[in-house]
Amino acid sequence: MKVDLQANNDISFDDFKTQILNDYEIAVISRECSLLGRREVLTGKAKFGIFGDGKELPQLAMARSFKNGDFRSGYYRDQTFMMAIGKLTPKQFFHGLYATTDIEKEPMSAGRQMGGHFVTHSLNEDGSWKDLTAQKNSSADISPTAGQMPRLLGLAQASKIYRNVKGIDATKFSNNGNEVAWGTIGNASTSEGHFFETINAAGVLQVPMVISVWDDEYGISVHAKHQTTKENISEILKGFQRTENEKGFEILRVNGWDYTALIHTYENAADIAREEHVPVLIHVNELTQPQGHSTSGSHERYKNEERLQWEKDNDCNKRFREWILEIGVSTDDELKDLEKEIRKKVRTAKKEAWNELLDPHKIAKKELISILEKVSLGSPNKVFITRIKNDLIAIDEPIKKDILSKARKTLRYLIGEQTEARKELIDWIAVFYKNTQHKYSSHLYSELPNKATNIKSVEPTYDEEIRQVDGRVILKENFDKLLKNHPEALIFGEDTGAIGDVNQGLEGLQEKYGELRVADTGIREATIVGQGIGMALRGLRPIAEIQYLDYILYGLQTLSDDLATLLYRTVGKQKAPLIIRTRGHRLEGIWHSGSQMGGMINFLKGMHILVPRNMVKAAGFYNTLMKSDEPAVVVESLNGYRLKEKLPNNLGEICTPIGVVETVKTGTDITVLSYGSTLRIVLQVAKELREVGIDVEVIDAQSLLPFDLNHDVVESIKKTNRLLVIDEDVPGGCSSYLVQEIIEAQGAYQYLDSPPQTLTAKNHRPAYSSDGDYFSKPNAEDIFEKIYSIIREADPNNYPSLH
């Protein structure tokens, strides 16, 4: 390597020496953490480890070009980078490995994610934004390979929005769009579709993004020849290289052991992205993985002796050390002393983290042993309780599971006893459980006063002379109000811009608000979702449109693994209030009329799923969500855009409450719950049933996640004593979820005189044509006959058989 002080802005040799030795110290600290971390897993103190050894040097170079306001969207090898920007200490590293549940000690996820998943805190304790321009930022990591790529696109696009859209208060979010989004990914993971989709979208959008590909030639045990055409990702991406006349990527290549070349490369990449808003890909070659992929296996099993020796010779830390000696920055003895001190420092951090994890456990263990001694004294099962107590005493390093499990098992031997000691044990278990469970289960949804379920209902109001308009007009005028009132709001998706979406719910709004705020995208649902997540992480209020409900499957992995878990996995330290706008229900054909609701309510816990029956209700949901800061999916009724509705005079102000059902028709004989387009059929059938003397109470679910927080459905069942849930999802899908909510969560079973029942679509996808719909999904006759049969079962004399 050649030393080029010019690359270091003409700093003095002493300052240059300090920089080099500081970087070397971080590299050695990180490596020592990796080595000790693996041992901690193999000795059983930690469950699993995946580390950044072999990638230290390029991460140091990346950190040198990473500025305040920038964002990282990376993967689980980036510990050296996090240490270099001052966001991860050795003790925090080990707290992450041990899964400490104290957010102060383990600020990455308070033990909710395995070590190697990194985050910085974007929010204050009250949920307000920190000044993101005054700190270095990392979006919260996820494990799925390439899953970080869609979000990276949105983080970069936010800079473009802040630079080019006027009227946004960017005080805490951007300095004229000068921020760069930095992505990292392993070379094998570039085989994933999310990577290629993001590369293409970034080239189209021209956003300030720098993607580093850490290339060590393997994906776990699989060599690059099985992963990548030509075994070279930058080679096959040459078509994305920008030219004088064509926009695209800047593509750079550099060896991962070459310190000065790395510094040059990252400075160059940062300048291009920051100043020109051009995406850059840095292919970092000749990296190693000294301990293999993770603690679950050894790389000696799949690398030959020649490769293993090459990795030893070209280890980036080793090459860095040799270069330091070569240029005279330090001596061998000085480096040995430094390395010795680092090993001591890291071992101390490890020991302190382990003790800090155990200290509260040991206190709880001592308390429980004392209680077990008391309960055993007068118990006929003393011998069994004493055995449990002695087993607990024998555990020198107890975890929470050990303690609570022993306490709960003891209760089995105290059945029927009425002693103060037994009551003390029961109370102790209750307190321990209460104080512990929330550390694993909090923040699935917002816990702040402005959470979506706290936003009060605002009913629509109408002029004295009521106008009837197409449902799409209501949406269009409401979106117009939102865009006007919220400069940080933007809407984008396939066919969203120029034609104002496929159903004209945004007609004319791109012309009014510009191509950046109402934008067309390519056909790429995963990165449409990713754009929304990244921009929401940086203070914008995006509405990402997925053209049809069926297409949400393309983005479901990103929605499920990234967006839905974000608040939970950061313990409320990051938020992304993205609204997904889509449409579905009652269209015809296998791929344009499916109901994904059963899957969504399971995959998207952590998001709100809203199913308005008409466009006034939909408009109200959008307004409610804009007053809060939580992610949601709004499924508009596809066959409702041309149906006439009353035009409210308070669009932009209407708020449909989240988690609240609506009784749209009262009745006395049976409670029927439905939602979306199917509800209109139910209402029509309810009128027909009156002709045969059956009075149906019809309830619109409106909100599936959450569902009926006020338990209004059970109040209806108390009156009718019967329940039927109708939807167009497959059997065992959303209707089964709703029945479980009503029977178990609301305790409705005791009020039922008949078994709760569901009426759903057939098991297959809907067939094409009106006949296909009729024979695939619940139709009016199905609904009539189902309700009639339930009532007939209770009163066969007054309701003779239809068939």
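Which helices are included in what covers the buried residues of helix 13?

## Basis of the model

This is a predicted model, in which local features need pLDDT of at least 70 and side-chain atom pairs count only at pLDDT 80 or more, while totals for chains, interfaces and linings use all residues. Residues are numbered from 1 along each chain as its sequence is written, and side-chain values use heavy atoms, with hydrogens and water left out.

## Helix 13 and its cover

Buried residues (under 20% relative accessible area, 1.4 Å probe, protein chains only) in helix 13 are Lys400, Ile403, Leu404, Lys406, Ala407 and Thr410. Seen down the axis of helix 13, these buried residues fall within an arc of 160°, so they line one face of the helix; the arc is that of the directions from the helix axis to the C-beta atoms. Their cover includes helix 11 (332–377), helix 12 (382–393) and helix 14 (420–441).

## The second largest cavity

A cavity is a set of points, on a 1 Å grid over the protein atoms alone, where a 1.4 Å probe fits but cannot get out, and lining residues have an atom within 4 Å of a point. The second largest cavity has a volume of about 50 Å³, the space filled by probe spheres set on the points, which are joined across faces, edges and corners. Among the residues lining the second largest cavity are Phe48, Phe51, Phe93 and Met114.

Key. 1 Å grid on protein atoms, 1.4 Å probe; cavity = no way out; pocket = protein on both sides within 12 Å on 5 of 7 lines; lining within 4 Å. Buried < 20%, exposed > 50% of the residue type's maximum accessible area, 1.4 Å probe, protein only. Helix = DSSP H or I, 4+ residues; strand = E, 2+ residues; numbered from the N terminus. Contact = heavy atoms within 4.5 Å.
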